[in-house]
Amino acid sequence: MGKHFSFIHCADLHLGEPLGGMNSGEKGPWTDAVNKATFSAFERVVDAAAEAHADAILITGDVYNSDHHSLAAQMAFARELYRAAEQGIQIFITHGNHDSAEAWRADIPLPPQVHIFSAEKTEALPLTVGGETVATVYGISYRTRHIRENLAKTFQRKEDDGFAIAMLHTDMKADSPYAPCTEEELRAAGMDYWALGHVHTRKIVSTSPYIVYPGNTQGLSIAETGARGCWLVDVGMHGTVTMQFIETCSIRWMDMICDISQYENQDELLRDIMKRRAALRSEGKPYMIRLIFRGRGKLHRMLVSESGREFILQTLNEKEKFRHMFAFFIKAEDETQPMIDLQERRRLPDVMGKYLQAYDRAAVLTPAEKLLMLREIAARQPEMKKLRNVFERVDDGMILRAFQKAELVGAELLAEEDTDENH
């Protein structure tokens with residue numbers, strides 16, 4: 001029979017890493033929140049450990065980003081580790097690909113309760129509670145940014161370990177440059193709990209044994225939506241494990257989907273988005289939001305244009321940078337469809353039908369054939385006599401992108417002509 005204990009499992013702090021796609025702009029609440037987001041998240045990790053009276057904090061790699069490994073980030077990290085140590089909390093750290101041993105700068109002294117695993121070999125360290133060893137923590141750090149050897153094979157539980165915890169920074173892919181391994185190889189080591197890092201989305205891969213990713217503590221871009229945080233792991237006297245996810249992100253990224261079929265005009269759309277934003281503010285957390293417009297409706301023509309989407313963003317964000325509890329729309333993406341049923345119109349023997357059929361015949365050509373055809377068509381246009389030198393400098397990618405848009409743009413222009421004639 002063992003002894004009850006608990007620990008916090010976190011990873012991928014990326015302290016000091018700028019949030020992707022952000023421009024802090026004017027100084028104020030916005031600037032503070034954005035610049036301190038990763039630091040605030042780790043403060044919440046230490047808060048959670050203290051509030052839960054956890055015995056240890058396990059940090060499985062990527063404390064920093066090697067590209068943004070500032071003295072300020074080191075000092076902030078050390079300050080929080082001292083705060084944890086004052087609460088009697090032990091800290092176990094392994095380096096990952098972004099904070100490998102060769103990039104690590106130990107310029108700031110850390111408290112004696114901090115244990116940093118070697119990059120030379122897998123080590124086993126005791127986790128103690130009240131002077132008694134309650135678990136054995138295994139770990140190994142990255143020497144360099146890319147580790148192509150299978151570090152999982154260097155882990156092996158011993159009979160007298162008690163509860164065995166392993167710390168490894170890996171994406172669990174057999175052909176990965178980040179400590180490649182498989183789930184079967186992790187199981188073979190005989191551990192009770194694998195505290196993994198590197199994958200930014202939390203995931204419990206297995207519960208027998210526990211193979212766990214906490215995800216990162218703060219989402220770094222719109223690609224990392226939803227709550228981010230750490231796991232509080234409670235281990236009973238008989239080795240039973242209870243896990244609780246604790247959100248630590250100070251800014252949450254999210255997607256807001258808007259179906260345009262219900263709106264008659266842009267004012268209705270804006271009012272609805274603002275109403276939804278007000279509901280988010282009541283949750284007491286700043287948000288970075290990607291607007292995704294979908295559906296078929298009258299606003300399609302506006303939203304399909306970059307200038308139309310930019311107008312929506314500017315209108316919504318006019319005063320958000322000055323709020324403490326902001327809900328800022330970082331991006332707007334168009335996935336809407338026109339009121340025209342293109343598939344139905346393809347079957348009709350009118351001008352639009354013939355246009356769409358011609359488009360389809362061109363669409364199945366290889367890129368090289370398509371470019372040749374498009375350049376020949378352009379060369380035959382009267383205006384090209386004056387613009388020939390300019391058109392010759394237009395790159396192939398731009399021409400192919402214009403062709404992709406031509407299906408919809410051409411159909412809409414023909415629909416407008418048809419409407420004008422009928423009036």
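In the predicted model, strand 9 (residues 203-207) and strand 10 (residues 210-213) pair in the antiparallel sense over 4 bridges, where strands are DSSP runs of E of at least two residues, helices are DSSP runs of H or I of at least four residues, and both are numbered from the N terminus. Two strands are taken to pair if DSSP finds at least two bridges between them. Strand 9 and strand 10 form a hairpin with 2 residues between them, and Ser206 stands opposite Ile211 in strand 10. Pro209 has its place in the loop between these two strands, strand 9 and strand 10, and the peptide bond from Ser208 to Pro209 is cis, with omega near 0°.

Residues are numbered from 1 along each chain as its sequence is written. Because this is a predicted model, local features need pLDDT of at least 70 and side-chain atom pairs count only at pLDDT 80 or more, whereas totals for chains, interfaces and linings use all residues, and side-chain values use heavy atoms, with hydrogens and water left out.

An open sheet is formed by 3 strands in the order 13-14-15, and the pairing is parallel. Strand 13 (252-259) and strand 15 (327-337) stand at the edges, each with a single partner strand, so that one side of each is left without a neighbour in the sheet. Neighbouring strands of this sheet are turned by 20° against each other on average, direction ignored; axes are lines fitted to C-alpha atoms, for helices over the stretch in contact, and angles run from 0 to 180 degrees between N-to-C directions. Strand 14 (residues 287-296) is joined to strand 15 by 10 bridges, the two running parallel, and Leu291 stands opposite Ala332 in strand 15.

Two helices lie across strands of this sheet. Helix 5 lies across strand 13, strand 14 and strand 15, running at about 150° to strand 13, while helix 7 lies across strand 14 and strand 15, running at about 150° to strand 15. The axes of helix 5 (residues 266-281) and helix 7 (residues 306-317) come within 11 Å and cross at roughly 45°. In helix 5, Gln266, Leu269, Leu270, Ile273, Met274 and Arg277 meet Phe311, Ile312, Thr315, Leu316 and Asn317 in helix 7, contact meaning heavy atoms within 4.5 Å.

His53, in the loop between helix 2 (37-51) and strand 2 (56-60), has a phi near 55°, a positive value in a residue other than glycine. His198, in the loop between strand 8 (193-197) and strand 9, likewise has a positive phi, near 105°. Most residues other than glycine have a negative phi. His53 is exposed, with a relative accessible area of 66%, whereas His198 counts as buried at 16% relative accessibility; buried means under 20% relative accessible area, exposed over 50% and partly exposed in between, with a 1.4 Å probe and protein chains only. Gly162, found in the loop between strand 6 (132-139) and strand 7 (163-169), counts as partly exposed at 42% relative accessibility. Leaving aside neighbours within four places in sequence, Gly162 is in contact with Arg157 and Asp192, and Gly162 and Lys3, 159 residues apart in sequence, are 9.5 Å apart in space, C-alpha to C-alpha.
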